[in-house]
Amino acid sequence: MMPRAAATVAAVLAAASPALAAESKWPNYREGDFIIKDYIFKSGEKLAELKIHYRTLGTPKKNAAGVIVNAVLLLQGNTGTGANWLRPSLADELFAPGEPLDAAEYFIVMPDAIGRGGSSKPSDGLRAKFPHYRYHDMVDINYRLIGEGLGIGHLRLVIGSSLGCMHSWMWVAMYPDLMDGMVGLSCQPVEISGRNWLMRRGAAEAIRHDPDYKDGNYDKNPTHYLYAAAGAYNTESPTRIQEMAPTKAAADALYEKRLADLAKGDANNQLYALESIMDYNPEPDLDKIKAKVLLINAAEDVANPPELGTVERAMKKVRDGRYVLIPAGPDTHGHFTHYYAAIWKPHLIEFMKALVPTKAAAR
């Protein structure tokens, strides 16, 4: 069971929020905020009040000790929020009656990662004075949300995509007795290096060296870096890109749309998110994992190229792990294949059939 709330922690489970149309069909949909006072980051920096926004759906089931034991933690990718999981291409395939994460059977938790959505982020006001969070901070904060904020003593599953996939590897190594299973989508359980880091480093430096960035203390959001970012569309399948932009005119229209979408963001938020990955390296701790593990990647994923062999090397250290590589096809979307559950759901169903009954439920 996870530690109880400390005196410095306040958790607020909001009353039923007016749900958006896409959300209202899910049972017991709620949104809430978890507040941690005087949170100290690994860097030693402190935030007087750290807020994590989250969504839940379904009904928690408790064991004799009053501990929630049917929880599933869903961790988002690097962009968007926890609401990413409510996309029809995910939610309809996963949460509907009879589906693998049937919301009538599970208590599903979807946090907004720090730096995004309704959670604390540089654009809230601190700008470049916001603490420089890293992946270990992000995992620790959500760990406190789960235990102290929501009273969850055991996780049936942790499922993460992209950023959330990397966090999932850290969860199963840092808290090996907490969950029965982990499913990762679109990542590798090794240190970020090579082309992956080069792309991230380049994107970060473009922001930092934007003439309007002003060391992060700008009054108007910088825009120079956006022109290169709008053309960096390599996380999507090249086939899907060609379908969206079969002519130069169509490609120009796609570029302009991406530029307009990116302009709605904040440079500090983006820079902090890019550089938070610096402490990610789960490989040395893979032998600590006790949970059953499933990793699903896509063959056409530029961020995680299968030809490197790094996944196979790392998976040898996982005592109960399986690696699935989705071949390119008419419905795949490169790195973003994780947004289309119909493609990888059969592997999740098979995985859950082999998942042993949780021991926590009997306590």
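Where does Asn217 lie? I began my notebook with that residue. I found Asn217 in the loop between helix H4 (194–208) and helix H5 (226–229). I kept in mind that this is a predicted model.

**Entry: Asn217**

Asn217 has 40% relative accessibility. Buried would need under 20% and exposed over 50%, so I put Asn217 down as partly exposed. Then I set aside its neighbours within four places in sequence and asked what Asn217 is in contact with. I noted Arg127 and Ala128. Ala128 is 89 residues away from Asn217 in sequence. In space, I read 6.1 Å between the two, C-alpha to C-alpha.

**Entry: Asp215**

I stayed in the loop between H4 and H5, where Asp215 also lies. I checked its backbone. Phi of Asp215 is positive, about 55°, although the residue is not a glycine. I recalled the general rule: most residues other than glycine have a negative phi. Is Asp215 buried or exposed? At 65% relative accessibility, I counted Asp215 as exposed.

**Entry: Ser162**

I looked at another positive phi. Ser162 has a phi near 60°, and it is a residue other than glycine. I placed Ser162 in the loop between strand E6 (155–161) and H3. Its relative accessibility is 12%, so I wrote Ser162 down as buried.

**Entry: the disulfide**

How many disulfides does a search of the whole structure find? I noted one. It joins Cys165 to Cys187, with the sulfur atoms 2.0 Å apart. I reminded myself that a disulfide is a covalent bond between the sulfur atoms of two cysteines. I then looked up the handedness. The torsion about the S-S bond of Cys165 and Cys187 is about -60°, so this disulfide is left-handed. Where do its two ends sit? Cys165 is in helix H3 (residues 163–174). Cys187 is in the loop between strand E7 (179–185) and H4. The two are 22 residues apart, and the pair links distant parts of the chain. I marked both Cys165 and Cys187 as buried.

**Entry: helix H8**

I turned to H8, which covers residues 267–275. Eight of its nine residues are buried, so I described H8 as largely enclosed by the rest of the structure. Among the buried ones I listed Ala267, Asn268, Asn269, Leu271 and Tyr272. Ala273, Leu274 and Glu275 are buried too. What do the buried residues of H8 pack against? I wrote down H4.

**Entry: the whole protein**

Last, I stepped back. I noted 10 helices and nine strands in the protein. Its radius of gyration is 20 Å, close to the 21 Å that the globule rule gives for 363 residues, so the protein is as compact as a globular protein of that length. The C-alpha atoms fill a box of roughly 60 × 45 × 45 Å along the principal axes.

Buried residues make up 52% of the 363. Of the contacts with a separation of 6 or more, 77% come from residues 24 or more positions apart.

Then I checked the surface and the charges. The protein exposes about 15,900 Å², and carbon and sulfur atoms supply 55% of that. I noted 41 positive and 42 negative side chains. How far apart do the centres of the two sets lie? I wrote down 4 Å.

Technical notes. Residues numbered from 1 in each chain as written. Predicted model: local features only at pLDDT ≥ 70, side-chain atom pairs only at ≥ 80, totals over all residues. Heavy atoms only, no water. Helix = DSSP H or I, 4+ residues; strand = E, 2+ residues; numbered from the N terminus. Buried < 20%, exposed > 50% of the residue type's maximum accessible area, 1.4 Å probe, protein only. Contact = heavy atoms within 4.5 Å. Rg over C-alpha atoms; globule rule 2.2 N^0.38 Å. Areas by Shrake-Rupley, 256 points an atom, 1.4 Å probe, with all protein chains shown as cover. Lys, Arg positive; Asp, Glu negative; His and termini not counted. Charge placed at Lys NZ, Arg CZ, Asp CG, Glu CD. Disulfide = S-S within 2.5 Å.
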